[in-house]
Amino acid sequence: MAAMITLLGEVTAQVDGRDVDLGPPRQRCVLAALAVEAGRLLPAERLVRAVWGVDTPRRGRATLHSHISRLRKASAGGLAIVYRSDGYTLVLDQPDQVVDLLRFRALCDRARGGGDDTRTVELLTEALALWRGEPLTGLSGEWVEGERDRWQQERWAAEHDLVDAQLRTGQGEELVARLSARTRQQPLDERAAGQYMLALHRAGRPADALDHYRRLRQRLVAELGTDLGAALQALHQRILAADPCLDPASGGAEATSVAVPRQLPGAPAPFVGRRRELDRLEATLATERVSPTLLISAIGGTGGIGKTWLVLHWAHRNLRRFPDGQLFVDLHGFSPTGRPAHPADVLGGFLDALGVDRDHQPAELDRRAESYRSLVADRRMLIVLDNVATTDQVIPLLPGGHHCTVMITSRNQLHGLIARHGARPVHLDVLTDAEAHALLTTALGPDHAHADPRVITELVELCGRFPLALGLIAARGAADPRLPLRDIAADLRALGPDALDSDDPTASLPAVLSWSLRHLTDRQREVFALLSIAPGPDTGLPAAVCLTGLAEREAHAALQALIDASLVERTAGGRYAMHDLVRAYATTTADALPAEVREAALGRVLDHYTHTAYLADQLVHPQHHAVRLDPPAGGAHLPPLPDASAAWAWLDTEHACLLAAQQTAGAHNRYAAVWWLAWSLHTFHYRRGHRHDQLTAWQAAADAAVHLPDPTAHAHSHRLLGLAHARLDHHADALHHLRHALTIAEHHRDPTEQAHAHNELGMVCAQRGDDRQALAHARQALDLYRGLDKPMWEARALNGVGWCAAQLGDYETAREHCQAALTLNRQQHSVDGEAAVLDSLGYIDHHSGRHTQAIDHYTNAVALYRDLGNAFEAADTLETLGQTHRAIGQLTQARTVLREAHRLYREQGRHDDAARTQRELDTLDRDPRT
């Protein structure tokens with residue numbers, strides 16, 4: 001179907017020559033907003049905001065969808081409005097032929113693309129003929145008013161361009177009446193004034209031209225306190241001198257108006273993604289159009305993150321918003337020269353571009369800034385200040401008036417600009433995975449169109465989705481199509497950022513990152529370097545204090561400076577993180593530090609993690625057997641952990657860093673720290689269900705224990721490594737390590753470790769279904785514990801004997817031992833032990849037909865496990881509780897607890913257990929009693 005949509009007047013639509021009933025004003029506004037962005041996805045939230053503004057109804061999205069449905073129905077499908085990705089798109093075959101506004105813009109773009117003036121006049125005349133009065137007639141609202149104003153500015157710019165082209169073709173007298181009316185509409189517009197003066201001169205009325213100049217100058221001085229621009233003054237002098245170049249035969253239109261600078265560099269190609277940031281810029285500009293204040297968008301981010309790339313892409317998409325031109329300057333805040341541009345020099349270039357030649361420019365910075373602001377005050381211009389170092393460098397370059405848009409990029413956060421001048425900060429992060437893939441494959445070009453997707457994925461991962469790194473890889477691949485991408489990936493794996501080095505500093509990742517360090521102090525650079533050796537993906541302030549050896553206030557200030565320089569990111573919970581490539585570069589700077597500085601920093605931070613983890617473990621499990629740690633290094637301060645809740649929170653937050661600390665300790669032969677960390681994390685890993693991490697930690701501890709003098713540590717490591725294997729159902733490995741632990745304990749005549757080993761062997765044998773062997777190990781453990789006079793451990797063994805007896809169907813023996821265990825645990829205030837015994841008693845009662853008592857035991861066990869934060873055992877007990885509820889027909893209760901068990905299993909990565917509970921839930925759903 002052929003459609004036509006008009007916006008430059010009353011909003012109308014035709015489909016196959018038939019008028020479409022567009023309904024009430026809000027519905028017309030919906031179509032108008034879609035038509036302006038025809039072919040582009042318009043997020044639903046933006047569309048709602050455009051149509052209703054602050055008066056959005058409570059069910060705005062539903063109302064919007066209703067309007068769109070009516071438009072589709074009224075047009076009989078001729079208006080193809082498609083919903084995708086939480087937004088709507090008006091799909092048209094040729095938008096710039098179907099929508100009059102888009103056709104107007106396309107004609108203007110063709111006219112400004114160059115060529116002969118006669119053709120320019122034809123195109124602009126055709127474009128302006130599309131206007132049928134006030135745009136969006138009959139509609140109201142913030143979005144409508146803003147668009148109407150912007151389109152009117154585009155119309156005036158087209159009319160100015162048309163007059164310039166007509167003047168260049170020799171016209172003059174024919175334009176006087178039209179230009180007289182325009183100067184009355186826009187009395188302070190110097191471009192219109194210059195055109196009018198030239199037309200009067202060519203009509204044989206130079207006195208009238210000079211009189212218009214005199215009156216305009218008097219009014220400008222009286223109302224604004226400023227003089228006319230240099231271009232208009234020059235035209236005045238040429239008319240006074242009767243310059244023959246102004247005659248119709250010579251054209252001479254270049255003297256008619258203020259210069260229109262077009263300094264914007266070319267648009268980046270390729271450009272992908274950044275949808276969220278582009279929407280943010282659009283939304284900010286929309287807000288500023290309604291409230292006429294200066295817009296400054298300060299786009300910050302690490303060097304190479306794509307700040308200039310984003311600004312140029314956005315600017316080229318929005319050129320028609322700035323009919324009076326664009327100014328662009330690289331302020332060299334971070335560049336190979338190391339010399340940021342001085343504002344006075346920048347203003348000299350701006351004034352030159354605005355028609356003020358160098359000989360007539362004031363020398364002083366303040367005077368230049370005044371002249372600059374006077375020239376751009378009432379003009380709709382885009383001013384891009386790229387690569388800014390400081391707020392002071394920017395302030396003289398900010399325009400006056402209410403019409404200019406300023407885009408500022410900087411690696412620094414420029415807090416003063418935000419606080420004092422209302423800048424709207426837009427922070428850039430790395431690309432999404434999809435965006436990074438699209439950028440790399442597009443930039444590599446057709447020569448690598450059939451590259452192995454796995455290699456592309458690896459390159460994206462190695463680059464950490466960092467735009468500059470991806471661009472440099474693409475450039476390397478495009479420059480030499482014969483170079484296999486797998487070789488580039490191998491270099492990046494082996495060399496890190498150095499693989500992206502180059503003699504050209506602008507094409508070298510290390511060089512680009514190094515420029516961010518030039519404005520830092522020596523202390524800040526050292527903190528940057530030391531952060532690279534901190535274990536883990538991020539660092540909290542207490543760890544950073546230990547790492548740097550600084551007082552907390554000094555460390556915080558240094559970290560803030562690195563954040564301001566976009567080298568470090570502040571994440572949720574007061575954490576500090578670096579992009580992988582930035583961190584790899586920081587590692588090279590750390591290598592330049594004295595070895596003793598690095599070693600001392602590493603010792604402090606490892607002691608911080610080790611001793612704090614031990615303290616946290618003692619809080620969450622006070623009954624855990626204590627071990628003796630070496631005193632912490634000087635400067636290794638511990639954060640306050642007042643209670644078990646604070647300890648759990650700290651362990652959850654620092655878990656990844658603690659695992660990394662253990663790995664780092666092993667790499668630096670700090671074997672005692674490796675073992676202590678495994679010990680201190682054991683309860684946490686067990687209760688949180690981190691089974692794989694527990695295995696990794698105790699494997700590292702077993703490897704380290706070989707280097708430790710204490711044989712107990714060796715036996716203990718293998719025993720708990722065996723237990724970690726058992727919790728992953730690695731029964732053969734579990735038995736191997738537990739038997740090895742028992743052998744070591746027997747060799748060194750250590751009855752405590754022997755008892756522990758027998759206890760764990762009994763558990764593994766029970767898991768394997770060897771219940772008689774399990775019971776034998778449990779009885780041996782019980783005998784050994786009784787000889788040690790350790791009531792809490794004796795209680796654990798009693799529970800083990802009871803459990804094994806229950807597996808063999810001897811429920812009376814089982815109940816007798818478990819009741820004794822319950823009494824001992826309660827006497828010793830062992831909540832963990834009490835919960836385990838209650839679980840065993842629940843099992844015994846369930847299989848004895850005493851389901852009500854079983855439910856009570858299981859419910860109490862779950863409550864205790866929850867109090868302990870023991871999600872691992874809670875999941876198992878919930879599952880058996882659900883089975884007991886089902887056995888007596890309590891299907892609703894069964895479904896509730898089984899769902900919770902299923903959720904916990906999934907969170908802990910216990911996939912087999914999760915699959916089993918899902919089958920149980922499916923069976924419940926099919927139960928005829930449901």
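Leaving out neighbours within four places in sequence, Leu-440 touches Ile-456, Leu-459, Val-460, Leu-470, Ile-473 and Ala-474, where contact means heavy atoms within 4.5 Å. The model is predicted, so local features need pLDDT of at least 70 and side-chain atom pairs count only at pLDDT 80 or more, while totals for chains, interfaces and linings use all residues. Residues are numbered from 1 along each chain as its sequence is written, and side-chain values use heavy atoms, with hydrogens and water left out.

**Nonpolar cores**

Leu-440 is among the residues with the most contacts inside the largest nonpolar core, together with Trp-314, Leu-509 and Phe-528; this core has 100 residues. A nonpolar core is a set of buried Ala, Val, Leu, Ile, Met, Phe, Trp, Tyr and Cys residues joined through side-chain atoms within 4.5 Å. Buried means under 20% relative accessible area, exposed over 50%, and partly exposed in between, with a 1.4 Å probe and protein chains only. Helix α28 (residues 644-667) gives the core its largest share, nine residues. Helices are DSSP runs of H or I with at least four residues, numbered from the N terminus. Another core lies apart from the largest one and has 56 residues, including Ala-3, Val-20, Ile-81 and Leu-102. In soluble globular proteins, nonpolar side chains tend to be buried together.

**Aromatic pairs**

The whole structure holds eleven aromatic pairs. Rings of Phe, Tyr and Trp (its six-membered ring) pair if their centres lie within 6.5 Å; planes under 30 degrees apart count as stacked, over 60 as edge-to-face and the rest as tilted. Two of the pairs are tabulated.

| Pair | Centre to centre | Angle between planes | Class |
|---|---|---|---|
| Tyr-686 and Phe-872 | 6.0 Å | 50 degrees | tilted |
| Trp-803 and Tyr-843 | 4.7 Å | 45 degrees | tilted |

Tyr-686 is in helix α29 (residues 671-688) and Phe-872 in helix α39 (residues 871-887), so their pair ties together parts 186 residues apart in sequence. Tyr-686 is buried at 13% relative accessibility, and Phe-872 is buried at 7%. The charged end of Arg-727 also sits over the ring of Phe-872, 5.9 Å from its centre; this requires CZ of Arg, or NZ of Lys, within 6 Å of the ring centre and within 35 degrees of the ring normal.

Trp-803 belongs to helix α35 (residues 791-807) and Tyr-843 to helix α37 (residues 831-847), so this pair joins parts 40 residues apart in sequence. Trp-803 is partly exposed at 27% relative accessibility, whereas Tyr-843 is buried at 15%.

Definitions and conventions
Helix = DSSP H or I, 4+ residues; strand = E, 2+ residues; numbered from the N terminus.
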